[in-house]
Amino acid sequence: GTESERKAAIALRHGGVSPSFEASEGGTRTHALTRTLLHTEREKATMADSMAREARSASRECQALGAEARTRALTAIAAALEANEASLLAENAKDLEAAKSMDIPPATLQRLKLKEGKIAQLAKGIRSLAASTDPVGRVLSRMQVAEGLSLEQVSAPLGVLMIIFEARPDALPQIASLAIRSGNGLLLKGGKEAAHSNRALHAVISDALHASGLPRALVQLVTTRDEIADLLKLDAYIDLVIPRGSGQLVRYIQDNTKIPVLGHADGVCHIFVDAQAAEDKALAVAVDAKVDYPAACNAVETVLFHRAAVEAGLAEKCMEALRGKDVQIFGGPRAAKELGLAPAPAAKHEYGDLALTVEIVESQNEAIDFIHANGSGHTESIITEDQAAADDFLRRVDSACVFHNASTRFSDGFRFGLGAEVGISTSRIHARGPVGVDGLLTTRWLMRGDGHVVNKDKDIDYLHKTLHL
């Protein structure tokens, strides 16, 4: 076990390669290598622990510096993204070139590319966040507990977030800006497909933080898969994990950590075209919900037609409009038989591409039952001119986002006016739908007294009087 072998073993392990050496007399070198690898494992665990601790410390420092420092940092990040647009796009081009030699699905490639105008859109969203009211320390309730004893409930950062996202480099500045605005420390792990883009974006953000007087450790980039496994064990330091990516990724994270996980495993969104749907709206919404960004989790995957809409010819017109945009159409059991469509892979299927399922339902009740049985609780929309039907759909459909006469693509933090989002949650606890700043906050209680003691409640007269904010 020479020093050179030890260094080689560490280098190889950080590069994702497991080294092997032949044993010499007595197995000395094999045993030395075993000790080396155990030492390396401890080094990795220590590195993960250090990252989480530093993020916690940076979050507390960020809170202590106050709202002005966070606002200044966000403004600086927006300006820095615009100033470095050419170099950021050049790094993204490297990822796109490298992707040609990888077995990457078309939907993933769409997410990987920083499209024209994307940097400007990101900067606009970050400036919107910077201009928003500071969310930290907001008084939510105030009470006079007893004479001279007051109690406030105030908003506070969760602490340390870990966001794991696949080939979505545009997600990095959005997530970072939300964490900064809410005073949270952040650990980021992007997909290997976007390695160049993520490093470049993180460098721009880190420099802007430092120039604004905030610690670089507030936003850290995790660079190896090994570190993720170690970080998932640190439930004492990391408060929330938000995975953004495939259902497989989300389920892996959920199965391998004690840290609370916020997110969605699937994005199976529906549109129900009612008997009273307006033709122009049905065509426009169905096409937009699929074609605008087929790989997005808020793209429609199944269109349900009321039988009356089928008999009126609206289903055929919608399918013609979709086929005109190169959308492949598959059928549920009824639609495949009655409309001559190829059978859909399953009743619940996320294509993530220019393809969708069409099915026929006999009533709105059946449409709602179908959505509950085969949806993912993400986003659903009804197309109808019948206000009573629309109100019933919005009231009864149990999904994070439910729309009337609007594309499912509106289910987005930026479009909701949140400035940006860390993801869309289909969870029922803490936050649901697009998660912006408010979804990254918890609460604290602040009590102010004058030497008050409990003393078994003998000498205190509780008032519990609600005070105006």
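Take the arginine R181: is it buried or exposed? Please carry on from there to what surrounds the subject.

Reply: R181 is buried, with a relative accessible area of 1%. Buried means under 20%, exposed means over 50%, and partly exposed lies in between, using a 1.4 Å probe and protein chains only.

A word on the model. It is predicted, so local features need pLDDT of at least 70 and side-chain atom pairs count only at pLDDT 80 or more, while totals for chains, interfaces and linings use all residues. Residues are numbered from 1 along each chain as its sequence is written, and side-chain values use heavy atoms, with hydrogens and water left out.

Back to the arginine. The side chain of R181 meets that of D134 in a salt bridge, at 3.4 Å from N to O. The two sit in distant parts of the chain: R181 is in helix α7 (residues 171-181), and D134 is in the loop between α6 (118-131) and β1 (139-146), 47 residues apart. Helices (H or I, at least four residues) and strands (E, at least two) are DSSP runs, numbered from the N terminus. A salt bridge here is a side-chain nitrogen of Lys or Arg within 4 Å of a carboxyl oxygen of Asp or Glu. Side chains of opposite charge can pair when their charged atoms come close.

The whole structure holds 31 salt bridges. Another one joins R448 and E152, at 3.2 Å from N to O. R448 lies in strand β16 and E152 in strand β2 (residues 149-157), so this pair ties together parts 296 residues apart in sequence.

D266 is in the loop between α10 and β7, and R251 is in helix α10, so the pair ties together parts 15 residues apart in sequence. Both partners are partly exposed: D266 at 21% and R251 at 40%. Elsewhere, shared partners join R307, R334, E338, E362 and E366 into one salt-bridge network.

Now a sheet. It is open, has four strands in the order β5-β4-β3-β6, and pairs in parallel. The edges are β5 (219-221) and β6 (240-244); each has a single partner strand, so one side of each is left without a neighbour in the sheet. Neighbouring strands are turned by 20° against each other on average, direction ignored. Two strands pair if DSSP finds at least two bridges between them. Strand β3 (residues 160-165) has five bridges to β6, and the two run parallel. Within that pairing, L161 stands opposite L240. Helix α10 (residues 247-255) packs on this sheet, touching β3 and β6, and its direction makes about 160° with that of β6. Contact means heavy atoms within 4.5 Å. Axes are lines fitted to C-alpha atoms, for helices over the stretch in contact, and angles run from 0 to 180 degrees between N-to-C directions.

Last, the cysteines. The search finds zero disulfides, a disulfide being two cysteine sulfur atoms within 2.5 Å. C401 has its closest cysteine sulfur in C269, 8.6 Å away, too far for a bond. Both are buried: C269 at 0% and C401 at 5%.
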